[in-house]
Structure formats: structure tokens, C-alpha cells
Protein chains: 2
Amino acid sequence: MKVNHHALELEQNYLFSEVAKRIRAFQAANPSRELLKLSIGDVTRPLSRVVTDEMKAAAEDMSHAETFHGYGAEQGELFLREAIAGYYAQRGTQIAPDDIFISDGAKCDLGNLCDLFDADNTVLLPNPVYPVYFDTSIMSGRRVIFAAGTKENGFLPMPDHSVHADIIYLCSPNNPTGAVYSREQLAEWISYAKANGALILFDAAYEAYIRDPALPHSIFEIAGAADCAIEINSLSKTAGFTGVRCGWTVVPKTLRFDGASLHDMWFRRMATKYNGTSYIIQRAAAKVFSPEGLAAAHADIDYYMENAQIIKSALTAAGIHSVGGENAPYVWFEAPAHAESWDCFDTLLNQYGIAGTPGVGFGTAGQGWMRFSSFCTRETANQAAAYLAKL
Amino acid sequence: MKVNHHALELEQNYLFSEVAKRIRAFQAANPSRELLKLSIGDVTRPLSRVVTDEMKAAAEDMSHAETFHGYGAEQGELFLREAIAGYYAQRGTQIAPDDIFISDGAKCDLGNLCDLFDADNTVLLPNPVYPVYFDTSIMSGRRVIFAAGTKENGFLPMPDHSVHADIIYLCSPNNPTGAVYSREQLAEWISYAKANGALILFDAAYEAYIRDPALPHSIFEIAGAADCAIEINSLSKTAGFTGVRCGWTVVPKTLRFDGASLHDMWFRRMATKYNGTSYIIQRAAAKVFSPEGLAAAHADIDYYMENAQIIKSALTAAGIHSVGGENAPYVWFEAPAHAESWDCFDTLLNQYGIAGTPGVGFGTAGQGWMRFSSFCTRETANQAAAYLAKL
């Protein structure tokens, strides 16, 4: 049996394990010093009561023959797809419930969408970038090219019309930089995609963190997207579902490439290799979109965004340039004194007990930059800010 | 963008939609007649109290910061992997917890495992067969050859040593035929796999239905399997988890092909394209393996297997040859009077109101055969048996 040799081309990504290793060494050497973890990419606030109550009610339903649910609808339960369509409609974006596919998370969908594409495609990725786009493209045997984020473009790279790409990954609000594309910028990406016969995979997992009403939450807010874009979203960061697992992907029926309907291809892929998201989880997910569920989600997001504000203000006061943190839970800042990412990481950890994430771990264009996460407690954000002000 | 043209080669499988269509037509034409559904492949008995109580407790834990769980362990929670290892150990099979990968179901794992293999491999499938093996192999661009099940071999095809294969799918107890391989037969498949440098994907999703203590529940009960086999299993049929979603796959660290460790490749694939099974579901799944959980699961399996016995006995009394139904929830029987599958389906439906599944829908070797499922109520099984005795 011959293995998929492309999967062997992946280099091990040591970013988070190396971060963890250096933190352990710091703690072993300084057992009495406080560690301020701003490196974490996982939520820390618990699920809201309205969501857990619904999980319990759904679990109870599953223990009675009359209300038991076996295999679910192939695209996901209609009540959840309608709730999601209603969520888009609140901002005036019309999405048909049968263009929505429920899944167990954005990472899974981003990876599994690779099944729909030929190996012979050129993939364009922002740099720095969420490593899953790169790793899954390499595993699929595709060529990868990059559009570099820089201080000058505010880590919002725009298309180079002299370069051809077939598949474009965009993440806005961005992980790791926290930068958010404007409507005009997304319109230019759509125009580039159409000129190249390319598909945009738009990762909107952090859209709920947008505060500026002028910024788009969905690529489907922009004209023309339904002919060239798939949108991937998740409740992981919106409602603390990182350990619960529920996401969705919008694949418009208007989307045709190479003579084929990507909607039909995705339906067939999911019907063949997936068996639906847990009924209990879909019931809980639908509650997130109720008035009480949204209020609870917004309260948690406000909490994290106040942390982001505290961290970003301290950096600004210390004369350190940053992007993000205003419409995203991540603050992306330039290492002081032109230090390299890992040197800055070591300095912050050893001098102040602050753990960040080295930007170079997200791509070469992240060298000299760092990511702070606001998924921490208020106490941690305040203490870190007090130290950062001294930088 | 070029699409994966292999995914377009799949023919639409109309089996279950055509069954549903003919049932609807029957009901419309005969509104007062009772329908006896023996076509269903989904469980009908509710979850056990011990499982739903644990779901509720886990949901409660998720609503407090101190006991909240975000992203889980990449291979699945250790408490569940240890519980599964303990389940194997009860029959004397030693499986290391770190060879077990938790997932959201066997269908997903069977499909996703395709990521590990080169397109240039020959896949050997039993015929008839669970359609997912065929469809996912075609989507991956692989050649598919078949080993035919027949009345003579009891629908337990054995390897033809003159034919080469790289990847072999085995399903025992089998869906759709209910036939179960003996230890000696699995040993011969292992010997064939080793001679061909081939990998066996062993689908054990129905192992809990085995009553005969001489039959193997796991391929790892057979010497040599750890060098050539991956086993896929699920709680869907064992504990009524079809709508809950939890399965697992055993990938031994000893498994090496083409110079690569399939264990390491699967770990990397799951870490890259999957984000873990819901914490709440993993907690509930672990309870299935507790003494109370297993007792409840066995009681439900006993119920279904009594249905199988009732159905099979009625067929035997009517002089109809069948396999399965003794160590599997499916009874696979020869259509009377050498009828074709769909003709037999129509006769049973229109004369007796009994809905089965035409065997030809599972592959050409199923022509002239039918599948009855025991996932029905006792009343349905008894009523169907009364009609079948008249055949």
C-alpha cells in the first residue's frame, strides 16, 4: 500500500509545543512567580445557562422512545439552519437555509473542503496565517503561494493581479493579526477571484468580535460573493463552543466551477464521509441564536474585548505599535527594539512572566511580531498591562 | 479552480430514497393499512438513563468556569480511551489507550482515513457492501475490485491469492448480510494482506451483536493484525448513539507502510483536520463502558436480537434461505421464486405491508436478495413474522 506522500511533506509545527515547553521551564525556575498567559487561543468563560439548559433538555428527550433522535438530517437540522439564516438576516444578509451545512467546527470544514478540489490548483494564503490552511493544502498536494502582511499594509494583504491563484483563503477578523478587511477590500478580492476563475474560502470564525459597524461580518455582504465564495463559521469563539463543537459552512447553490456545482459536491461529500453533528449539540447551538443566547454571547465577547482594550492601550502607552484588538480578540504587536519574535517571547516571559505567542510561528511575515490573546481573566489583563506600561 | 473530478464520477445512490418513495406511494394508496418497517438501519430504542444523566452532569460542568472544558486532547480524552481499552481487555485483547483515536463516528473515520493513502492503490471490497467504502474510494480516485459474496460462501468472500490488492475493507458482522467471519477466516485475510503488503480496514461497528463465543469481535484478536490492520468502531449500534455521534479507530504504532507510521500520519491528519469530539459526548460515551452502561446496552441489543430471531425463524418456517440474524441485527434472505430484489421488495410491500431493503442496492452480488433489519419494535417483528409464515 502506498501512502499519501504529500502528508509526509508537512513539517511538524512546534509553535505551541515550544511555547508550552518554555513556559514549563520558566515555571520550574520561578515557582513563586505569577504566570500571565496571553498565549492562549481557547476561550475561558463557561457556557451560558440558556445553552446548557437546552443540552439537558435534549439529553432528556433522547432518553424517551417518543422523543428519541437517531440519524439526523444530512445537512443538519432545519431548526438550526433556519436560526443561522436568521442571524445573517439580522444584518440584512439573505442566506437560504439550504445553502447552510452544519458541522462539528470550522477547522473540520476547512480541512474537509479540500476533498472538492483537484490537486492541480494554486492556493494563495495570507502570511502570517492560521496554520490549518497551509497544512491541509500541502497534504492535498497543492502548490501554495503567499500574500505578505506587513506593517505598511496593516497585515491586510491585497491581491497582486499579476499573479494567478485558484483557491484563496481569507480570514477576517484575522487569526493571528486581528486585522479586519473593509467592504472595499473584500470587493477587490472578489474581483480578483472572478478574473482568475478562483474560489475564496472565507473564514469568519471571529466575526462576532467586530465592533465597527462599517466592517463586514460576512463575505456575502459584498456583491458577487455568491458566485465565488464559500464561508466557514463556528460557535467556538462566538459562544464558547471550543469543547462543544459546532460550526457551519455556507455553500451557495450559485457556485459553479469547472462545470460542477460545489453545493452538490459538498452535499455529497458530507453525506458520504460525515454523519451529522450530535442532535444534543445542534439543539444547544440553536439556543445561541435566541435573544437570551445572543445576549449571553455578547456579554462574554464584551468581557474579552475589554481585555483586548486594556492590553492594546498598555502597548500604545509604551510606544509599541500594534494592529488588531479593536474588532478581534487578538492584539498583534511589533517586538520592541526590532527584536525577533522568539527573543521577544523570552524577554516578556523571563522579565515579566507574560506568555505571548511568537508571530513567526504563523509564517515568515510574522517575524519580529507577537500575538497576545484576550481570552484571559480581567485580573490577568490588568496585571499584564501594568507590566507592559513599563516596557 | 479545477474540481476533484473523481468526486463527480460517483453515481447517485438512490437506494434509500427509492425505498422511501415506494413506501410513500404504498401509504398514499393504502391509507388504512399498517406499514411494517424492516427497512430501517437506524436504532429506535432511547438512550439509557446512565448515559443521559452523565450528559447532563457534563453540561452542568460546562456552565462553571472551574469545570469548563475548551479544546480537548487531540486523540480524545484519556478517560474515554482507557474505558475503550478496558472494553477490549474484557475479552483478553490488549489495546494501548494511545493507539485509540476518538471520533464522531465510524463513517467519518472510514471516509477520512482515505487521506492517508495514495490515489494509486487498488481497493478490494466485498460485494455486497456498505456503500461508503466504495464511494469514498472512488472520490479518492482509486481502482476498486470486488470479492463476491454468494449463497455458497455464505456471503463471506475469501481472498483470491492470484489477485493483488493494496487496501482491503472488511465488515464483520457484515452490513448488509449479517454474516460474521471466523477466526480462521480473518487469519487467512491477514495472511493475504501480509503477502500483498496490503492494509486491512476492519469495520467492527456491529461486534456487540455477536452471540457465538467462538466468533471474533475484533481483528486484533487474531495474530498478526497489528502489522496490517486498522479497526474502526462506534457506539451508534452498540449504545444507540446514531444521533449522538461517537466512534473510535485503533491504529497500532506497529503499523508501517511505505516507510511511514500510519499511527503518526493519522495523528497528524486528525490534529490538522479535526478538533475533537464534544466533551459532553465523550463523557457520556465513557459511561457506556461502565457496568450499568454495558448492562443497559446489552438489554437493548438483546431486544433487537430477539426481533432478529423472530424474523429469521419465520423465514425459515416459510422455507426461505437466510444468512445473518444470529450474530448481527440484519437478516439477509433469498427472494422467493428467484425473484429480483426490487420485485421482491414490491411484493412484500404491496401484499403484506412489509418494507425491506433490496439487496441489489448494496452491490451486484446482492441481486435476488433482501435485507431485513431488526431495529424495530417487538410488535412489528411479530406482525411481520405472522405474514412471512404465509409466504
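What follows begins with chain A as a whole and then turns to one strand of chain B.

The model is predicted. Chain A contains twelve helices and 15 strands. Its radius of gyration is 21 Å, close to the 21 Å that the globule rule gives for 391 residues, so chain A is as compact as a globular protein of that length. Taken along the principal axes, the C-alpha atoms of chain A fill a box of roughly 60 × 55 × 50 Å.

Of the 391 residues in chain A, 56% are buried. Contacts can also be sorted by separation along the sequence. Among contacts in chain A between residues at least 6 apart in sequence, 72% join residues at least 24 apart.

Now turn to chain B and its strand β6, residues 199-203. Is this strand mostly covered or mostly open? Five of the five residues of β6(B) are buried, and the strand is mostly covered. In a regular strand, side chains alternate between the two faces of the sheet. In β6(B), L199(B), L201(B) and D203(B) lie on one side, while I200(B) and F202(B) lie on the other. Both faces are covered, as these residues are all buried.

Which strands pair with β6(B)? One is β5(B), residues 167-171, which pairs with β6(B) in the parallel sense over five bridges. Within this pairing, C171(B) has D203(B) as its bridge partner. Helix α7(B), residues 183-196, forms a right-handed β-α-β unit together with β5(B) and β6(B).

Another partner is β7(B), residues 229-234, which runs parallel to β6(B) and is joined to it by four bridges. Here F202(B) stands opposite E231(B).

Terms used. Residues numbered from 1 in each chain as written. Chains lettered and ligands numbered in written order. Predicted model: local features only at pLDDT ≥ 70, side-chain atom pairs only at ≥ 80, totals over all residues. Helix = DSSP H or I, 4+ residues; strand = E, 2+ residues; numbered from the N terminus. Rg over C-alpha atoms; globule rule 2.2 N^0.38 Å. Buried ≥ 20, exposed ≤ 12 C-beta atoms within 10 Å, placed from the backbone. Contact = placed C-beta atoms within 7 Å. Pairing = 2+ DSSP bridges. Right-handed = clockwise from strand over helix to strand, strands pointing away.
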